[in-house]
Every structure is written in structure tokens, then in C-alpha cells.
Amino acid sequence: MLLVPAVYSDPSLKVGFYKRSCPAVESIVRRTVRRAVSRNPGIGGGIIRMHFHDCFVRGCDGSVLLKSGPGGKQSERDHPANNPGLRGFEVIEEAKNRIESVCPNTVSCADILAFAARDSSSKLGRINYAVPAGRRDGRVTVFDEVTDNLPPPTSTADQLVANFARKGLSADEMVTLSGAHSIGASHCSSFSARLYSFNGTHGTHDQDPSLDRKFAAALKATCPRPPRNGGGRDPLVPLDSATPNWLDNKYYVELTAGRGLLTSDQTLVENSLTRKYVAVNARYGATWTAKYVKAMVKMGSIDVLTGSQGEIRSSCSFVN
């Protein structure tokens, strides 16, 4: 297992934050995550994605975990970018309940999610790293802020670079973090426009010409043409067809062969800036792993609440 030290984080976060107040916290999260991912590897990809979706909206404050409140006010969790795509909420809640039984009112849900994303990376890719902690939980969740902050699966490389730059992440870090698509799955509705009557910059095609034709045929066998009036079946498809349950650099190898599932995946090899990062990551797995660790730690520090800010929730699904 590769252990990479944390190199960048918000100075108010620190490794071993709970060493005295709740020394068992990381082992509790690790056991909970490993059990869940052993039963269903897709949960691991879901937890890593949940951490990303949390950090990009209001910072890493656990706001993505909050359920909608009374009065019909919808939360981030109910946004189409998160529902039904995100998985693993019950794992975070289980870990929180176990921690509350030994260390009540001590560990934030935001930190539990950061630990769980690391433990998912460890379980599915043998990638382990130290997680700086000390985040506090936010009290606010806003449905519309998801649209404003999360890049959709139809994003171009330029749009992705700009989106990540607003969060303080470089183009190289954006491409590196996209490697988390080595695990997990996506619903057909997220990419079916690439398979049927594709409207590209050079006109309309029967399918996205950047797709490998055999790969496209396999996808069409799983994903039916969407009905004109909406609805219909919406199966899940692995984001990485080569190693769908293993976190590695094969995702980038697949991109170079025209087998990126989402537009936001395949666009990375069509842009002159991001293409070079894809090539390096495809060729040097250890290099990508080291960059992934650094980028995950840096992402986990985006706009964190610390000190007396926010709160420590008793339940991850509701504010106190």
C-alpha cells in the first residue's frame, strides 16, 4: 500500500486533530467504510464523489449530507447532480452513530466524509494518506448552489479548468482528480446524448465521433435511446470499463483510446492543455497516485469552517 504524506492543507487543519479528544475516530471510519465497500465496491466511488461534491459547494462543510428541511425547501442532496447519483450516505451516518457512542459531540460530519474518501481510496486502490482534520459542519444547504458550483458531465475542458480555478485548483489538479472516475458508475442519462443524434461543433452525427465505435456499440446495448417524452430505463454503467472497481491510472489509458464515458472525461484529451496531463498520467501510474493524494488533501481544505464556526452535528443528515 502506498502511503503518501499530506503536503498541502488549510493551516487551521492538522493531522491527528482528534488524537486526544477521540483517538478511535479514524479506525471507526475505516472499519465502517471497508465493510460497506467490500459488500459493494461502487459505494467507494460514491463516497469519493460525495467529498468532491461537498467541497465544491460551500466548501468542505458536510452540507451535501443534509436532508431537505420542513416547508419544502430542497437541499443540495436533492439536486439532480446528487440524487440519485451519489451513494454512501448511509455509510457516513453509520460511522457517525458509532463515533457518537464513544465520542459524543466531538467529530464533525465533514471530517468523517474526508476520512471516508481516503479510506475508499485505500480500499479500492491501496492509496493511503494522512488527512488533516478540524473541519466544522455547516448549517446551511442551498439547492441552487449546486448548479452554480458543480461542473455538469457535459462540460468542456476549458469550462472544467475555469470551474476548478475558482476553487483554487490548477488544470493539472483538475485532470488528476478526474482520475477518481476510475471507479464508480454513471446513469445512461448523463451521456446518452453522445450515443444518439449527437450535436457537435462540426454538425450533427449519429453519435459522438470521439467515441471508439466498439465502445459506443457496447454502451448502446446497455443504454436504450431516451424516450422523447422523458422517463424510461436509466441503467448504471461503469465510468471506467477497464478496471471499474480499482482506483488506478487506467482511466487515462481509456481516454486516449476514445473510451471516456462522459463528455467531461473525453474532453480532457481534446484540449491541448489538458491532453499533456492525461498522457503523463496514462504512462506513469505512480506519478498520478502521488498527484492524486496531494490534490485530494488540497481539495479537502476548500473554504473549511474551523474553530467556533459552524457546529458539530449530532446527526449528519440534520442540523442541530
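Leaving aside neighbours within four places in sequence, H53 touches A81, N82, L86 and L150 (contact: heavy atoms within 4.5 Å). This is a predicted model: local features need pLDDT of at least 70, side-chain atom pairs count only at pLDDT 80 or more, and totals for chains, interfaces and linings use all residues. Residues are numbered from 1 along each chain as its sequence is written, and side-chain values use heavy atoms, with hydrogens and water left out.

**H53**
- UniProt, in an unreviewed entry, places the feature "active site" at H53; UniProt positions follow the numbering used here, feature names are shortened, and annotations may be inferred rather than shown by experiment.
- H53 sits in helix 2 (residues 42-56). Helices (H or I, at least four residues) and strands (E, at least two) are DSSP runs, numbered from the N terminus.
- H53 is buried, at 10% relative accessibility (buried: under 20% relative accessible area; exposed: over 50%; partly exposed: in between; 1.4 Å probe, protein chains only).

**Salt bridges**
- The model has 13 salt bridges, each a side-chain nitrogen of Lys or Arg within 4 Å of a carboxyl oxygen of Asp or Glu.
- R98 pairs with E94, the closest N and O atoms being 3.0 Å apart. The two are four residues apart in helix 3 (residues 89-102), so about one helical turn separates them. R98 is partly exposed at 39%, and E94 is partly exposed at 26%.
- D111 and R135 form a salt bridge at 2.6 Å, N to O. This pair links distant parts of the chain, 24 residues apart: D111 is in helix 4 (residues 109-125), and R135 is in the loop between strand 2 (127-129) and helix 5 (143-149). D111 is buried at 0% relative accessibility, and R135 is buried at 3%.
- D172 bridges to K291, with the closest N and O atoms 2.9 Å apart. D172 lies in helix 7 (residues 171-178) and K291 in helix 12, so the pair ties together parts 119 residues apart in sequence. D172 is partly exposed, at 21%.
- E26, R30, R118 and D119 are linked in a salt-bridge network.

**Helix 11 against helix 12**
- The axes of helix 11 (residues 272-283) and helix 12 (residues 285-299) come within 5 Å and cross at roughly 115°. Axes are lines fitted to C-alpha atoms, for helices over the stretch in contact, and angles run from 0 to 180 degrees between N-to-C directions.
- The contact involves V280, N281 and R283 of helix 11, and G285, T287, W288 and K291 of helix 12.
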